[in-house]
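Here is a friendly note to read alongside the model. Please keep the structure open and follow the points in turn.

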Amino acid sequence: FPVTIGYRGGLKIQYSGIPTLELFGEISNLGGDFIFDASSGISSFRGFENLTLINGNLYFQSNNSSDITTIGLNNLKKIKGNLFIRMWNGSLNLSHLGSLEFIGGNLLTIGNMLNMAAFNGLTTLKGNLEIFRNNLLNSMDSFNNLDSISGVFIGECGFLVNVSGFSSLTHLGSLHLGKNPFLSDISAFNKNYIAIYSDIGEKIKIYENPFLSKCNAEVYRDWE
């Protein structure tokens, strides 16, 4: 499997089905980006259990139909850049990211993810939170230790019904919710305790969520 060490100061792996990368087992601090591209059928990968810090971005994507149940990043606490996860077909279990506390950029997920509650340990997110096309997400009771987020964007989640997490949130730059056909509860963003502080662009954009026209409309009517 192709491995590029020193790629922008970090590590790039184009994965071809080998489940363990023990060669990297002693790495605790990665100087640049960690790019992982799974291009063949796998269900897990291990070998980075001692990694606690990524000084760049973490990019993880899979373009095969396999469900990935294990990613060996159990002790990862800090990503100084962005966290980008894309699943083209299968799903990814996020439970092994439960130690993550800090993201210095954006958190973007595209595709089917399980166990979003793994992000309840996250205390700092410097950029936006963006969640798209997750058809395994029914209820979002997560991100409960974040008190400030630049923006929340949730779209095209086919079976998402309620967003009830974000219990510590007091400042939110912008909120975009679009094309979530069953979303009926956004009580997590109750205007009584969240200050919308951004003056740039569209602060609130809520569209094509048909159940929100009747349910919880009072939550956002006065924001716009």
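1. Let us start with the rings. The structure holds eight aromatic pairs. Rings of Phe, Tyr and Trp (its six-membered ring) pair if their centres lie within 6.5 Å; planes under 30 degrees apart count as stacked, over 60 as edge-to-face and the rest as tilted. This is a predicted model, in which local features need pLDDT of at least 70 and side-chain atom pairs count only at pLDDT 80 or more, while totals for chains, interfaces and linings use all residues. Residues are numbered from 1 along each chain as its sequence is written, and side-chain values use heavy atoms, with hydrogens and water left out.

2. Strands here are DSSP runs (E, at least two residues), numbered from the N terminus. Both phenylalanine 34 and phenylalanine 48 are buried; buried means under 20% relative accessible area, exposed over 50%, and partly exposed in between (1.4 Å probe, protein chains only).

3. Now compare another pair. Phenylalanine 143 and phenylalanine 166 are stacked, because their ring centres are 5.5 Å apart and their planes stand at 15°. Phenylalanine 143 lies in the loop between β15 and β16 (148-149), and phenylalanine 166 in the loop between β18 and β19 (171-172), so this pair ties together parts that are 23 residues apart in sequence. Phenylalanine 143 is buried at a relative accessible area of 0%, and phenylalanine 166 counts as buried at 0% too. Ring pairs also link Phe119, Phe143, Phe166 and Phe189 into a cluster.

4. Which side chains meet in a salt bridge? They are those of glutamate 156 and arginine 133, at 3.4 Å from N to O. The rule asks for a side-chain nitrogen of Lys or Arg within 4 Å of a carboxyl oxygen of Asp or Glu, and the count comes to one. Glutamate 156 lies in the loop between β17 (151-155) and β18 (162-163) and arginine 133 in the loop between β14 (128-132) and β15 (139-140), so the pair ties together parts 23 residues apart in sequence. Glutamate 156 is partly exposed at 36%, and arginine 133 is partly exposed at 43%.

5. Next, please trace the sheet. Five strands form an open sheet in the order β3-β6-β9-β11-β13, with parallel pairing; two strands pair if DSSP finds at least two bridges between them. β3 (29-30) and β13 (124-125) stand at the edges with a single partner strand each, so one side of each has no neighbour in the sheet. Two bridges join β3 to the parallel strand β6 (residues 53-54), where asparagine 29 stands opposite leucine 53.

6. Finally, look inside. There is one cavity of 30 Å³ or more. A cavity is a set of points on a 1 Å grid over the protein atoms alone where a 1.4 Å probe fits but cannot get out, and lining residues have an atom within 4 Å of a point. The residues lining the largest cavity are Leu58, Phe60, Ile71, Leu73, Leu83, Ile85, Leu92 and Leu97. β7 (58-62) and β10 (83-93) are the elements that give two or more residues to this lining, and β10 gives the most, with three.

Methods:
1 Å grid on protein atoms, 1.4 Å probe; cavity = no way out; pocket = protein on both sides within 12 Å on 5 of 7 lines; lining within 4 Å. Points joined across faces, edges and corners; volume = space filled by probe spheres on them. Helix = DSSP H or I, 4+ residues; strand = E, 2+ residues; numbered from the N terminus.
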